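Student: Could you walk me through this structure, beginning with a pair of packed helices and then turning to how the chains meet?

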Protein chains: 2
Amino acid sequence: MIATGVHLSPLTPVAFLERTAAVFGHRTGVVDGERRLTWAQVAERSRCLAVALQQAGIEHGERVAFLAPNSSELLEAHFGVPAAGAVLVAVNSRLTDDEVAYILRHSGTRLLVVDAALEALGRAAARAAGVARILVCDADAPGEARTGGDSYAAFLAGAGPGPPEDRLTGEDDVISVNYTSGTTGRPKGVMYTHRGAYLNALAEAHHAQLDARSVYLWTLPMFHCNGWCFPWAVTAAAGRHVCLRRMDPAAVWHLLDAEDVTHLCGAPTVLVMLAADAAAHPLERPVSVTTAAAPPPPTVIARMEALGFRVNHVYGLTETYGPITICDWDPGWDDRDPAERARLRSRQGVAMVTADRVRVVDDGLRDVPADGETMGEVVMRGNNVMKGYLDDAPATAAAFRGGWFHSGDLGVVHPDGYIELRDRAKDIIITGGENVSSIEVERVLLRHPDVADAAVVAQPDPKWGERPRAYVALTEGAELSADALIAFARHHLPHFKAPDAVEFGALPRTSTGKVRKNLLRERARHGGNSGLLSV
Amino acid sequence: MIATGVHLSPLTPVAFLERTAAVFGHRTGVVDGERRLTWAQVAERSRCLAVALQQAGIEHGERVAFLAPNSSELLEAHFGVPAAGAVLVAVNSRLTDDEVAYILRHSGTRLLVVDAALEALGRAAARAAGVARILVCDADAPGEARTGGDSYAAFLAGAGPGPPEDRLTGEDDVISVNYTSGTTGRPKGVMYTHRGAYLNALAEAHHAQLDARSVYLWTLPMFHCNGWCFPWAVTAAAGRHVCLRRMDPAAVWHLLDAEDVTHLCGAPTVLVMLAADAAAHPLERPVSVTTAAAPPPPTVIARMEALGFRVNHVYGLTETYGPITICDWDPGWDDRDPAERARLRSRQGVAMVTADRVRVVDDGLRDVPADGETMGEVVMRGNNVMKGYLDDAPATAAAFRGGWFHSGDLGVVHPDGYIELRDRAKDIIITGGENVSSIEVERVLLRHPDVADAAVVAQPDPKWGERPRAYVALTEGAELSADALIAFARHHLPHFKAPDAVEFGALPRTSTGKVRKNLLRERARHGGNSGLLSV
């Protein structure tokens, strides 16, 4: 740990709320439905949470879980739990009872706070996991509906005066555990530190240009990598949080106008939903959209920019506090034509300002040439990389082999140094000895006007080893044959990259919006007849 | 020091140049007269400097001094010297031979780089201090005029290939030593660390809203607290540095237009000079001006805002990496009337985003009430406070007594938590047991349309202990009697705060623009007859 002294204070994002409440205490910090909380109120509620947790016997480093939609309560948990010296586990509310129970059990959660809307799920999982205590937030009548031992409001109200005891042993203390989505296997618990969260939050604030006039709309789930550190970043900048409990495009369009929103984050699917919504309209002032997850197709980026959104493309993983790279915009690109701008913008880019250089390497950890063609694995290290997986030294050692975090993502480096992802390592299709990027094929399919969604996976092939097979959802009312789409793909791609087979139907996705390619691969292995597509 | 690991990299601003050169290498990073250097060139020159320093036998932690105006060379020194593991001493070029020699000797400087325009001063001081080696930068024909052993260009050209050896032992390593202006006594060597410089630079970039479109004009000397960390902040944001070798208002007005300047920093006197210059004109786009040193009179702030400058008021000391507080603008103040906005803006404000809370305390280190009236000493601690004074443990211990850095500045805390300076501890006037802030009296005098400059100091008084005495420079052509000005002061101030005596003439200032009140106090002690005023 860092030595202490007059000139050394531990880096912790808890300090951001203290500062913002001290400076802008009278300003609205959080909007959550009908509730509008000043920064002073947010800070006081977080203080009460921290003090009440300590009163309840929660010790330094113990885990406190929240199962809640984007809400004032989950936001204050990002400050109150670490202020108590405890560790926040924000659980994905779209999981099943079993999955939530696994996370509660694995994390050793002592206390679970659950939103009233998720009470059944939370109680079932807590029971299965043997969680000692459960508290319920009643969003419709906060602090009133419940007065018993399970009321979150009553829990806060029971907090004594004064600040919580300072139990931070240093900035390398764990601040939160975020579980991977686990497309295959059990989710792993990714440990974030106070220092990492602090630095990543400053980087997010810098790259998104957040300030005291910013109004941030919570379309991204806060349980997803701690909302990419935006609970801390927006608070550091003294911007305003506007909570959205359910992703609903019409509600987003309403809030964009009603709350003067300036910033939001979301997966490309969120962008697609917004662009397609009946309420879509050109914006009166630019709104910055930070997007990540699967690379957004250039067409989506172009469509959003035409409406007035400024798309900020980032990339990262749960293991990197959410975003670690940004497609940092070169002002010299401003006057390129829209298609070229969209192509440039769709790349994953370069390390953010507080991150170490992100590399693309071969099996010997040597940098691949920056030729835009040679694929390698994306690896990272530095302050924006997790401390490790909770209680899983073997998985941590495997992920950190050679002193670098191995993302499992395959990409290329362009001559200008910008990284572009080609695929997840396990999603690559190897046909006749050639690597085919499933993402590259998907992008071509998405350029067809009748295609709304597409995923390409490897299908075992006796002659070529593997061949690309496409799963495609058409736009409403469209009629398109597999043959016509294959012909389209062969027109735009080398023949060997074009799929040989196409199936139509909605794609199976995880709760965080990722296509479940493992299911599609399974289906492809059985010749496409296992009926797994959710149509 | 912080432990190392895959998830921990030392915080150092050297990383900012590496990142910016990797991302925006082809873009212009520095403009210095006719020279325009890309970021790739700046990075390469800094690499050469680091490698050449190591080749020259400069060891980890050894001091390398630069005596130069704002220039590409001094900028690259902020990266190349620390990249070598050495410590930068940027020497104030307005000092005398003796003062420079003292700094070179006290810092144990091994190697001095001097700009050709300052060669005589540098050689005399280096000789007196016994500095082993001197290198000269020839600004008019860089890399050509000199080829001998004393050519900085030849020194860089002699650097071997590859990166310098990484000698950083940790982020708490000293990155630079900045000497206090020493209005009384010998200057002290203030040690900055890599970590502190990194965090302060991020804070400056955040509060000034620097980004890749920013163009920063170097009106502030880079030798002054490492240019308030802006060499690192502008580079982190991948903005553009425009060097200004001599402060010249007409040149500033020319560059504002010719280089599309968006940001600059300067003492209030710089603002006054700009506002008064014949070339002054309303700006086509807003320019952000970060100003500090003596509190700018509200009238100056109002004048600058009318021309289109956005004034960003900060406060700090050499011991706090330059600025540590900012008068963080509450958007709710936008529609106040101009005088009220200027009054709010003239306060020193609150801690910057990476700084710990700045306090105003009584003799027992207890916070004074936030009543806007009770004076106390401003104290700080945390990552934006120096590591200590070089080779001066007693002075460090005295400055850090009670675990806080004592600024020696007296201020009040307003009910909204914003700090306002009232005086330097030693500048306060105690009359009849009442504290009179010399700044408060000076502000009133400056409101008189005939007054261009004013300083108020204590004059010994047999009855009251001390009485305020004013030294005043009038605007050109103005005629104003001492009696008339005293009457004006008595109209706007309680009688006991108004000066009893006024002397007219130009005020003596230090090379960094501070009024040398110690000289004025000396003069006042002798009844105003020692002839020290430089008229």
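**Helix packing and the chain contact**

Tutor: This is a predicted model. In chain B, Leu17(B), Glu18(B), Thr20(B), Ala21(B) and Phe24(B) of α1(B) meet Trp39(B), Ala40(B), Val42(B), Ala43(B) and Ser46(B) of α2(B).

Student: What kinds of residues make up the contact of α1(B) with α2(B)?

Tutor: Seven are nonpolar, two are polar and one is charged.

Student: And at what angle do α1 and α2 of chain B pack?

Tutor: Helix α1(B), residues 14–24, and helix α2(B), residues 39–55, pack at about 140°, and their axes are 8 Å apart. That angle makes α1(B) oblique to α2(B).

Student: Is the crossing of α1(B) and α2(B) left-handed or right-handed?

Tutor: The crossing of these two helices, α1(B) and α2(B), is left-handed.

Student: Changing topic: how many residues of chain A are in contact with chain B?

Tutor: On chain A there are 42 such residues, and they are in contact with 42 residues of chain B.

Student: Which elements of chain A each supply at least two residues of that side?

Tutor: They are α1 (14–24), α7 (194–207) and β15 (350–351) of chain A. The residues on the side of chain A that touches chain B comprise 21 nonpolar, ten polar and eleven charged.

Student: How can chain A be laid on chain B?

Tutor: A turn of 180° with a shift of 0.0 Å along the axis does it, giving an RMSD of 0.0 Å. The two copies are therefore related as by a two-fold rotation axis.

Student: What share of the contact residues of chain A recur in chain B?

Tutor: The share is 100%, and the same surface serves both copies.

Notes: Residues are numbered from 1 along each chain as its sequence is written. Chains are lettered from A and ligands numbered from 1 in the order in which they are written. This is a predicted model: local features need pLDDT of at least 70, side-chain atom pairs count only at pLDDT 80 or more; totals for chains, interfaces and linings use all residues. Axes are lines fitted to C-alpha atoms, for helices over the stretch in contact, and angles run from 0 to 180 degrees between N-to-C directions. Helices (H or I, at least four residues) and strands (E, at least two) are DSSP runs, numbered from the N terminus. Angles under 35 degrees count as roughly parallel, over 145 as roughly antiparallel, 65 to 115 as roughly perpendicular and the rest as oblique. A crossing is left-handed if the near helix is turned anticlockwise from the far one by less than a right angle, and right-handed if clockwise. Two residues are in contact if their C-beta atoms, placed from the backbone, lie within 7 Å. Ala, Val, Leu, Ile, Met, Phe, Trp, Tyr, Cys and Pro count as nonpolar, Asp, Glu, Lys and Arg as charged, and the others, Gly among them, as polar. Copies are superposed by least squares on the C-alpha atoms of residues with pLDDT of at least 70 in both.
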